[in-house]
Amino acid sequence: MVSRDQTPAVLGWEAFVAARTRAIRGLTGMVLELGAGQGENFSALTPGVQWLGLEPSSRFRRTLAERARHAGHHQPPIAATAEAIPLDDASVTNVMATTVLCSVTDPGQVLQETARVLTPGGQVVLAEHVPAPTGSSARRAQRLVKPFTKFFDHGCDLTRDTEAAVHNSDLTVQDVSRFHIRVLGRLHIPFVVITAQKPAMPQHTQG
Ligand SMILES: C[S@@+](CC[C@H](N)C(=O)[O-])C[C@H]1O[C@@H](n2cnc3c(N)ncnc32)[C@H](O)[C@@H]1O
């Protein structure tokens, strides 16, 4: 819940973008970006990372490939969905996705694929909107607007609980930073920046 005298929404958005940028900047090595869109995140990457982008939309891939080359990343974007990543097990150092888990068909499967392609100890950075508290006006608005965002905004489901999905996955949540972003009048939509890790060692259960 956001109190009235809290920082206005614009600052909420700026704080969210700053946290997202900081989290992405911490990624090194070979970084796989899921649902890379039209390449909005290149400026956040640390110089020297080997970027690999996955993007199912052919229209977005054209712009993405161009911007990637401009940013010095010459690997062509991968034409696939994040539910079936065409990469070997443990083949990338880190994974990132910004406002993508809300749009995929099966977030559980995407997180499973993410854990599969990550090297043990590798990190995942996710920046996503999440559902407002049950019974709040913001939650009602999210439910009302959802059919339109699903149709017009890459299948975006405004009520998808990505944070819960990560907690239920094989990844270990390391940090969740929370933000409230004002969208209309007094309506605030919660956003999160999540950092999670693939466990470094296989977990053995005792029989
Ligand atoms: C709201 S856009 C975000 C794009 C970009 N990540 C950004 O922050 O600008 C959602 C992206 O998710 C992609 N997407 C949708 N379904 C997907 C899936 N199943 N696997 C991977 N990406 C998907 C869309 O094509 C689109 O590029």
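A residue counts as near a molecule if one of its heavy atoms lies within 4 Å of it. By that rule, 18 residues surround the ligand, and the closest are Gly35, Glu55, Ala82, Glu83 and Thr98. The model is predicted: local features need pLDDT of at least 70 and side-chain atom pairs pLDDT 80 or more, while totals for chains, interfaces and linings use all residues. Numbering starts from 1 along each chain as its sequence is written, and side-chain values use heavy atoms, without hydrogens or water.

Counting Gly as polar, the shell around the ligand has 7 nonpolar, 8 polar and 3 charged residues.

A polar backbone atom of glycine 35 is 2.8 Å from a nitrogen atom of the ligand. Glutamate 83 places a polar side-chain atom 2.8 Å from a ligand nitrogen atom. For threonine 98, a polar side-chain atom lies 2.6 Å from an oxygen atom of the ligand. The ligand taken alone exposes 590 Å², of which the protein buries 87% (Shrake-Rupley method, 1.4 Å probe).

In the UniProt record, an unreviewed entry, residues 32-125 are listed as "domain: Methyltransferase type"; such annotations may be inferred rather than shown by experiment. Over residues 32-125 the chain is 26% helix and 24% strand, taken as DSSP runs (H or I, at least four residues; E, at least two). The end C-alpha atoms of this range are 10 Å apart.

Methods
A polar contact is a pair of N or O atoms within 3.5 Å; within protein, one must be able to donate a hydrogen and the other to accept it, and residues adjacent in sequence count only if both atoms are side-chain atoms.
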